[in-house]
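Below is a short report on one model.

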Number of protein chains: 4
Amino acid sequence: MAAAMIAQDLTQHTVVPSHELPAKLGRKRDLNRDSEILAAALEVLAETGYNGMTIDMVAARAKAGKATIYRRWPSKAELVIDAVACMKRQEGVADSLPDTGNLRGDLIAMIKPHSIDDGQRKFQIMAGVLAMIGQAPELAEAANAAIVQPRATANRMLMQRAKDRGEIAADCDIDTLSLVTPSMIAHRILLLQKPVDRDFLISLIDGVLLPALGIPAPKPTPGP
Amino acid sequence: MAAAMIAQDLTQHTVVPSHELPAKLGRKRDLNRDSEILAAALEVLAETGYNGMTIDMVAARAKAGKATIYRRWPSKAELVIDAVACMKRQEGVADSLPDTGNLRGDLIAMIKPHSIDDGQRKFQIMAGVLAMIGQAPELAEAANAAIVQPRATANRMLMQRAKDRGEIAADCDIDTLSLVTPSMIAHRILLLQKPVDRDFLISLIDGVLLPALGIPAPKPTPGP
Amino acid sequence: MAAAMIAQDLTQHTVVPSHELPAKLGRKRDLNRDSEILAAALEVLAETGYNGMTIDMVAARAKAGKATIYRRWPSKAELVIDAVACMKRQEGVADSLPDTGNLRGDLIAMIKPHSIDDGQRKFQIMAGVLAMIGQAPELAEAANAAIVQPRATANRMLMQRAKDRGEIAADCDIDTLSLVTPSMIAHRILLLQKPVDRDFLISLIDGVLLPALGIPAPKPTPGP
Amino acid sequence: MAAAMIAQDLTQHTVVPSHELPAKLGRKRDLNRDSEILAAALEVLAETGYNGMTIDMVAARAKAGKATIYRRWPSKAELVIDAVACMKRQEGVADSLPDTGNLRGDLIAMIKPHSIDDGQRKFQIMAGVLAMIGQAPELAEAANAAIVQPRATANRMLMQRAKDRGEIAADCDIDTLSLVTPSMIAHRILLLQKPVDRDFLISLIDGVLLPALGIPAPKPTPGP
DNA sequence: GCCTAACCGAGACGGTACGTCCGGTCTTTTT
DNA sequence: AAAAAGACCGGACGTACCGTCTCGGTTAGGC
């Protein structure tokens with residue numbers, strides 16, 4: 001978390017009066033290296049998993065020295081935590097929610113090929129990262145915020161809109177239901193190792209979400 | 001999985017004619033060591049996580065030599081998988097399905113106090129198991145069979161009984177729904193790091209499963 | 001110094017009653033590795049000098065792991081010290097002194113091609129080793145004992161014999177004179193970087209040693 | 001050697017017309033830094049040896065930046081060579097040859113008290129210089145010129161004078177003999193690590209040099 | 001009862017990654 | 001333009017762990 005927070009601090013507090021700190025001397029840290037190293041770490045992480053990933057690999061791919069990495073993060077674990085957390089920042093959190101007028105249309109409109117591929121990659125990164133959750137509990141928080149929360153939030157907003165317009169009952173447990181899809185996706189990718197294709201997502205919507213919200217399933221699943 | 005299966009083989013097929021195999025000579029393997037080593041592995045796993053766990057730690061705690069461990073399991077990963085599988089066997093999830101006459105009663109009867117008590121320990125161990133998926137994808141199936149499938153199977157059997165007695169509709173997607181609870185539990189334990197307590201499980205039953213199956217929630221579940 | 005001394009202890013005190021030490025368990029240390037590693041270290045040292053030498057190079061050449069080296073020597077410096085000290089043991093210290101009847105004949109008989117080449121190699125090793133004399137004073141002692149003392153001792157014995165038979169005066173400073181040749185050789189190899197050939201050694205004998213001992217130079221240096 | 005020569009050039013040719021060179025712009029190089037850095041280098045060298053010495057240490061002690069050092073010397077090795085050369089220049093070995101009328105008096109007059117006092121310091125420094133010979137053979141000549149040659153030249157001049165006035169024979173090998181003292185000193189300092197005190201130098205003169213030149217020892221040098 | 005082979009604890013072994021440190025270069029700000 | 005400060009790349013150091021192999025000693029069978 002360290003470097004990212006420092007970066008935030010620097011970009012947010014540029015107007016801090018310079019007489020407070022002792023007027024930093026010497027060459028400035030190249031802030032571009034931060035993101036380049038994080039990107040390289042994510043690539044290696046997705047390819048080899050946490051244990052397979054090597055600091056030298058990351059350094060080589062980012063064309064950086066090991067010291068440059070260890071100057072920013074105190075250990076491999078913290079680098080990975082930050083890399084996962086940085087995934088969250090890359091994407092616009094709720095980038096243009098669909099609005100088709102009814103909940104089923106909205107949920108299905110969320111299924112975009114790009115979204116599927118991207119999700120696949122992220123969950124594979126998560127698989128590699130799970131190796132160290134026992135040692136670094138804050139990693140769990142980062143992974144949740146980066147991978148699961150964006151999807152859950154989108155689901156919750158769609159369902160809240162449906163509730164607002166009276167499409168579903170007011171006493172539905174939206175918070176719990178919005179986590180069903182991400183949880184099932186994680187299980188399918190991590191343990192079943194099956195692809196998260198359109199059919200699977202539709203079966204989730206029509207077999208779990210909509211029934212649980214009291215909306216009857218539409219027609220016997222027409223083809224794409 | 002290796003040693004456990006060998007152990008099963010040995011105990012089950014003691015009558016195999018000895019002339020088939022090259023007439024095992026020498027001292028017999030001490031079968032007690034298997035369980036002692038697995039227990040030691042579970043302890044260390046829970047305390048340090050997968051990456052923090054060391055074969056030497058396990059050997060020291062079990063007062064065994066490393067060779068004694070590697071004679072039984074080919075790698076650290078397989079040892080851990082087997083340790084988790086053995087844990088599940090101890091507990092016997094689906095050994096006695098409840099039968100209260102209605103689905104909600106059955107599902108709630110499945111919630112046993114000790115599920116909550118040792119939830120924290122299982123969190124560590126499950127995280128450890130999931131850790132190796134990135135390195136050894138073939139172990140994902142084993143982890144799934146050991147951890148998720150027992151609970152999913154129990155759920156499916158209960159729902160099938162409910163369907164048989166007409167309590168729920170015939171076209172319900174039981175296969176998908178039976179995976180909802182385990183998936184949500186895994187997410188809660190691994191990423192949210194919150195305890196899987198009775199309230200959470202009841203909110204799953206009343207907020208997701210029963211509504212999705214067309215059974216109205218019983219009472220408005222008085223909030224805290 | 002560590003490993004060599006342990007080795008000496010082991011070979012010398014084999015008859016020590018076994019109940020004194022706690023009866024060493026586990027695999028025995030392979031004593032052959034000691035000498036193989038030291039030999040590899042000497043090779044690398046002669047080729048690249050102290051700073052150029054790498055523990056990985058030594059390990060690779062000795063087909064050993066780094067841990068095997070660090071189990072025996074606590075640091076690169078101590079390994080080099082031991083390697084230099086081990087040179088001394090390799091050669092028979094005073095392997096067959098010549099006896100031609102007069103001192104000049106003895107001294108010249110010591111000049112053998114094999115001896116010259118061997119000396120060249122040793123002084124080159126010494127050059128590589130001088131890099132760390134400031135940090136490890138005991139290295140100086142080892143280098144002196146391994147490289148300079150054997151030659152000085154041979155010289156001193158030849159001169160003592162000459163003194164015993166009355167060839168040279170009784171009050172000659174043999175101890176000092178026996179060090180002249182090694183010192184001049186070291187200077188020639190290390191600083192002048194010129195070869196130590198037969199002519200140079202003869203000029204030392206006839207231009208310094210014999211005159212200082214009161215023996216007149218023979219004829220105007222006949223050819224070889 | 002580089003910076004010292006530049007410094008000499010600059011101090012000698014201050015009157016060179018400025019239009020000959022490309023009209024040096026900007027701040028002038030602070031020539032005081034040269035000697036301050038060299039002094040700092042000598043201190044660190046004497047304290048830690050060549051390998052122990054760090055450019056950062058030198059920079060910190062001289063309150064200089066690393067770039068300021070590397071602007072003047074191309075490498076750590078050359079800096080050390082120059083530091084030693086500068087030390088020799090400070091002391092001015094052959095600035096005033098003694099002339100007592102006979103060779104023994106001249107040689108003994110060369111023994112100055114401070115040669116003994118700072119012997120220990122020079123030991124460390126010389127060891128440091130010899131250290132780099134293995135890596136940069138071209139520096140051997142420089143080290144030889146800075147350390148050994150001044151003393152050898154002084155010896156040769158004294159002996160030549162003695163030869164000129166008929167004190168010693170005309171066919172003495174002066175070139176070889178003039179190197180005996182420096183070589184023996186180097187051996188005593190570097191390998192024996194004993195102080196180069198007055199007694200040792202007198203034993204060289206009376207036990208080696210004068211006998212080799214055909215001059216009988218004066219008195220039987222009373223033992224300690 | 002005794003031989004033989006496989007077992008056992010202990011730990012050395014080869015290999016590989018970690019996190020630190022240094023040499024030599026480059027960049028930023030100040031003088 | 002040179003100075004101080006310090007970030008940068010590359011690579012060696014010494015440590016720790018994995019999975020294998022070897023040691024002396026123990027425990028079964030089969031003769």
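## Surroundings of Asp106(A)

Leaving aside residues up to four places away in sequence, Asp106(A) touches Pro98(A), Asp99(A), Thr100(A), Gly101(A), Leu158(A), Arg161(A) and Arg165(A) (contact: heavy atoms within 4.5 Å). This is a predicted model: local features need pLDDT of at least 70, side-chain atom pairs count only at pLDDT 80 or more, and totals for chains, interfaces and linings use all residues. Residues are numbered from 1 along each chain as its sequence is written, chains are lettered from A and ligands numbered from 1 in the order written, and side-chain values use heavy atoms, without hydrogens and water.

Asp106(A) sits in helix H6 (residues 103–109) of chain A. Helices are DSSP runs of H or I, at least four residues, numbered from the N terminus. Asp106(A) counts as buried because its relative accessibility is 0% (buried: under 20% relative accessible area, 1.4 Å probe, protein chains only). Met159(A) is 53 residues away along the chain, yet the two C-alpha atoms are 9.3 Å apart.

## DNA strand E

DNA strand E is surrounded by 49 residues (near: a heavy atom within 4 Å). Among the closest are Tyr70(A) and Arg71(B).

| Protein atom | Atom of DNA strand E | Distance |
|---|---|---|
| Lys66(A), polar side-chain atom | base nitrogen | 2.8 Å |
| Tyr70(A), polar side-chain atom | phosphate oxygen | 2.4 Å |
| Lys76(D), polar backbone atom | phosphate oxygen | 3.1 Å |

Technical notes
Polar contact = N/O pair within 3.5 Å; in protein donor to acceptor, adjacent residues only side chain to side chain. Helix = DSSP H or I, 4+ residues; strand = E, 2+ residues; numbered from the N terminus. Buried < 20%, exposed > 50% of the residue type's maximum accessible area, 1.4 Å probe, protein only.
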